[in-house]
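Visitor: Could you walk me through this one? I'd like to start with the overall fold and then look at a few places along the chain.

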Amino acid sequence: MEYIRFGNTGMKVSRLCLGTMTYGTPTDRWPWALNEEQSRPFIKTALELGINFFDTADVYTAGASEEVVGRALLDFAKRDEVVLATKVFNPMGPGPNDKGLSRKHIMSAIDASLKRLGTDYVDLYQIHRWDYDTPIAETMEALHDVVKAGKARYIGASSMYSWQFAQAQYTAELNGWTKFVSMQPHYNLIYREEEREMIPFCIDQKIAVIPWSPLARGLLTGKRTKERNETERSKTDDFGKSLYQMDSDFDIVNRVTEIAEEKNIPNAQVALAWMLTKPGITAPIIGASKPGHLEDAVKALEVKLSDEDIKRLEELYQPHPVLGFT
């Protein structure tokens with residue numbers, strides 16, 4: 001395993017992060033989720049492969065993901081040897097204050113996440129999306145207080161417009177509050193719009209970039225085609241269906257398959273190897289729900305793509321509308 005400095009901090013993380021949205025308890029929203037008994041082997045294997053970075057969120061499987069991940073890490077690792085990240089924003093109840101980035105919700109949400117995770121602190125506390133109903137100063141001061149209370153080591157953000165991220169950073173700096181150290185954008189071979197502004201901004205500001213959906217909801221694995229574009233997960237994944245529909249998306253998948261066959265490796269290794277060549281990328285967030293997923297992902301660290309390979313992978317790309325911000 002390779003380890004890399006996390007943005008401009010002194011913290012080191014594995015070159016791959018295990019995303020844990022799949023783990024917890026199956027629900028109407030997440031019928032494809034793995035239960036705790038099924039989930040634990042993936043977390044154990046990740047640790048054995050050298051992955052020290054784990055990403056979850058309060059909303060994943062209605063809080064069960066945090067519980068399962070927390071118990072597994074307590075059993076399989078020493079707390080200070082892992083980097084544990086979670087998120088806040090999405091609804092966690094029916095009430096008007098059970099969501100968003102108000103001071104009221106953030107202060108309640110961090111305590112609830114820590115209780116579910118079974119830990120005194122998270123290493124990275126991230127805002128899951130931008131809250132248009134709360135002044136950014138209120139959010140940044142609340143997050144600063146979470147850090148100063150020792151409940152989070154660092155704070156990070158996820159998909160938003162670059163001007164919003166810059167506004168948040170400026171607001172924090174102006175007031176002497178804690179600034180974001182990471183950005184979790186939607187980024188992969190099929191969706192590269194973040195190359196226009198967000199990733200260059202992060203490179204300039206030395207902010208860690210930890211992309212979500214590096215395999216485009218599994219589309220880049222080549223298991224689905226335009227004609228047969230459904231898996232058990234995709235059948236109920238309305239959000240995923242909204243992301244990848246252009247003809248060029250499937251042309252890129254076919255190109256990944258071509259190069260994978262030439263190198264006699266799985267598609268996933270090609271797609272991840274491409275991402276690891278891109279400037280500013282710290283650690284793609286990978287998912288794992290079947291045997292071999294983690295091993296394949298780690299092997300991508302050894303794959304060497306030539307300049308010609310990269311050109312072929314990128315030349316079919318067509319601009320997309322902004323996707324993944326909601």
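Visitor: What share of the contacts with a separation of 6 or more comes from residues 24 or more positions apart?
Guide: This is a predicted model, and in it residues 24 or more positions apart make up 78% of the contacts with a separation of 6 or more. As for the elements of the fold, the protein contains 11 helices and 10 strands.

Visitor: And how does the radius of gyration fit a compact globule?
Guide: For 326 residues a compact globule would have a radius of gyration near 20 Å, and the protein, at 19 Å, agrees with that. The C-alpha trace spans about 55 × 45 × 35 Å along its principal axes, and 55% of the 326 residues count as buried.

Visitor: Let's move to H2. Which of its residues are buried?
Guide: Helix H2 runs over residues 64–76, and its buried residues are Ala64, Ser65, Glu66, Val68, Val69, Gly70, Ala72 and Leu73. The cover over these buried residues includes helix H1 (36–48), strand S4 (53–55), strand S5 (83–88) and helix H3 (103–117). From its first C-alpha to its last, H2 reaches 18 Å, close to the 18 Å expected for its 13 residues at 1.5 Å a residue.

Visitor: Now H8: why does its span count as agreeing with what is expected?
Guide: Helix H8 (residues 247–263) has 17 residues, which at 1.5 Å a residue should span 24 Å, and its end C-alpha atoms are 25 Å apart, so the two agree. Its buried residues include Phe250, Ile252, Val253, Val256 and Ile259, and Asp249 and Arg255 are buried as well. Helix H9 (267–277) and helix H11 (307–314) are among the elements that cover the buried residues of H8.

Visitor: What follows H8?
Guide: H8 is followed by Asn264, whose phi is positive, near 60°. Most residues other than glycine have a negative phi.

Visitor: Where do Phe89 and Lys206 lie?
Guide: Phe89 is in the loop between S5 and H3, and its phi is near 155°, a positive value in a residue other than glycine. Lys206 is found in the loop between helix H6 (198–205) and strand S9 (208–209), and its phi, near 60°, is positive too.

Visitor: Is Phe89 buried or exposed?
Guide: Phe89 counts as buried because its relative accessibility is 17%, which is under the 20% cut-off. Trp32, in the loop between strand S3 (17–19) and H1, also counts as buried, at 16% relative accessibility.

Visitor: Last one: what does Thr282 touch?
Guide: Thr282 sits in the loop between H9 and strand S10 (285–286) and counts as buried, at 4% relative accessibility. Leaving out residues up to four places away in sequence, Thr282 touches Ile4, Arg5, Phe6, Val13, Arg15, Ala208, Val209 and Ile210.

Notes. Residues numbered from 1 in each chain as written. Predicted model: local features only at pLDDT ≥ 70, side-chain atom pairs only at ≥ 80, totals over all residues. Heavy atoms only, no water. Helix = DSSP H or I, 4+ residues; strand = E, 2+ residues; numbered from the N terminus. Rg over C-alpha atoms; globule rule 2.2 N^0.38 Å. Buried < 20%, exposed > 50% of the residue type's maximum accessible area, 1.4 Å probe, protein only. Contact = heavy atoms within 4.5 Å. Expected span 1.5 Å × (residues − 1).
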